[in-house]
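Keep the viewer open as you read.

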Amino acid sequence: DNTWKFACLGNTAGGPSIVDGAWTHLAAVHTGTNFNFYVNGILVSTIDGSGYLVNPADHFLLGCDNLSGLQHWFNGAIASVRFWNVARSASDIQSNMYTTLTGSESNLVALWKFDQGIGTTATDAGSNHYVGTLTGPFNFDGSDGWITTALVIKSTTNGAWASSSTWVGSVAPTSTDNVIIAAGHTVGLPSAGVTCNNLDVSGTLNPNSYLVTITGSVNVENG
């Protein structure tokens, strides 16, 4: 029905409709008794999650199921997959869902970035080094399975565009990044102007007379 879903132990959690061509952050959190399903950092559904999280006798699969042989392949692109050994809250998820992780973060068990660019092995950037094998109709970008995506840099407070403290993860945007100015935030532009890939403005750019060069798309809800 063209919606995001999370299924486990015979139960299914539903989410909002899929937006074709737009990156979406999905998170499933096991609390011990429930599964909480988040879409773009917002809790959308909760289902019963009592019992084991993953059957230790089975392989763990991404992008398909194995109910009767490998089937139901995911028709889309996956930029990265993260596993944590704690039940993360909405604020935990929102704090770094737009940030590229290093693999050394506390409680991070595994991190597959899918950015090797060659071969059929997915390297785990985390400390446990769980190597994945890529198989099936593996064709994310039209030529091979590896994809390259622009970083998404989101404001975390008021501040200057060039200041790292303005942004989630303390990383200032570059000309190839996707930039989000969150609601309630005012980001100051340098007189020389700035360049970015996609720009989403729910807050304010100041002054708005300075040049912003956008190589992708722009969405302005305010400011």
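Thr166 is buried, with a relative accessible area of 0% (buried means under 20% relative accessible area, exposed over 50%, partly exposed in between, using a 1.4 Å probe and protein chains only). You'll find Thr166 in the loop between strand S11 (159-160) and strand S12 (178-181); strands here are DSSP E runs of at least two residues, numbered from the N terminus. Leaving out residues up to four places away in sequence, Thr166 touches Lys154, Ser155, Thr156, Thr157, Asn158, Gly159, Ala160 and Val187, where contact means heavy atoms within 4.5 Å.

A quick word on ground rules: this is a predicted model, where local features need pLDDT of at least 70 and side-chain atom pairs count only at pLDDT 80 or more, while totals for chains, interfaces and linings use all residues. Residues are numbered from 1 along each chain as its sequence is written, and side-chain values use heavy atoms, with hydrogens and water left out.

## His185

Next stop is His185, in the loop between S12 and strand S13 (186-188). His185 is buried too, at a relative accessible area of 16%. Its contacts, again not counting residues up to four places away in sequence, are Ser155, Thr156, Thr157, Asn158, Gly203 and Thr204.

With Ser155 there is a side-chain to side-chain polar contact of 2.7 Å. That term covers a pair of N or O atoms within 3.5 Å; within protein, one must be able to donate a hydrogen and the other to accept it, and residues adjacent in sequence count only if both atoms are side-chain atoms. His185 and Gly159 are 26 residues apart in sequence, and their C-alpha atoms are 8.1 Å apart in space.

## The parallel sheet

S12 also belongs to an open sheet of 4 strands, in the order S10-S12-S15-S18, with parallel pairing; two strands pair if DSSP finds at least two bridges between them. Strand S10 (152-154) and strand S18 (218-220) stand at the edges, each with a single partner strand, so one side of each has no neighbour in the sheet.

Inside the sheet, S12 and strand S15 (residues 199-201) run parallel over 3 bridges. Val179 stands opposite Leu199 in S15.

Strand S3 (residues 26-30) shows two faces: Ala27 and Val29 are on the covered one, and Leu26, Ala28 and His30 are on the uncovered one. Why the two sets? In a regular strand the side chains alternate between the two faces of the sheet.

S3 pairs with strand S4 (residues 34-39) in the antiparallel sense over 5 bridges, and Ala27 has Tyr38 as its bridge partner in S4. The two strands form a hairpin with 3 residues between them, and Gly32 in the turn has a positive phi of about 110 degrees.

## Aromatic rings

How many aromatic pairs does a search of the whole structure find? It finds 2 aromatic pairs. Phe83 and Trp112 form an edge-to-face pair, 5.9 Å centre to centre with 85 degrees between the planes. Rings of Phe, Tyr and Trp (its six-membered ring) pair if their centres lie within 6.5 Å; planes under 30 degrees apart count as stacked, over 60 as edge-to-face and the rest as tilted. This pair links distant parts of the chain, with Phe83 in strand S6 (residues 81-84) and Trp112 in strand S7 (residues 108-112), 29 residues apart.

Phe83 is partly exposed at 29% relative accessible area, whereas Trp112 is buried at 11%. Trp161 and Trp167 make an edge-to-face pair as well, at 5.7 Å centre to centre and 80 degrees between the planes; both residues are buried.
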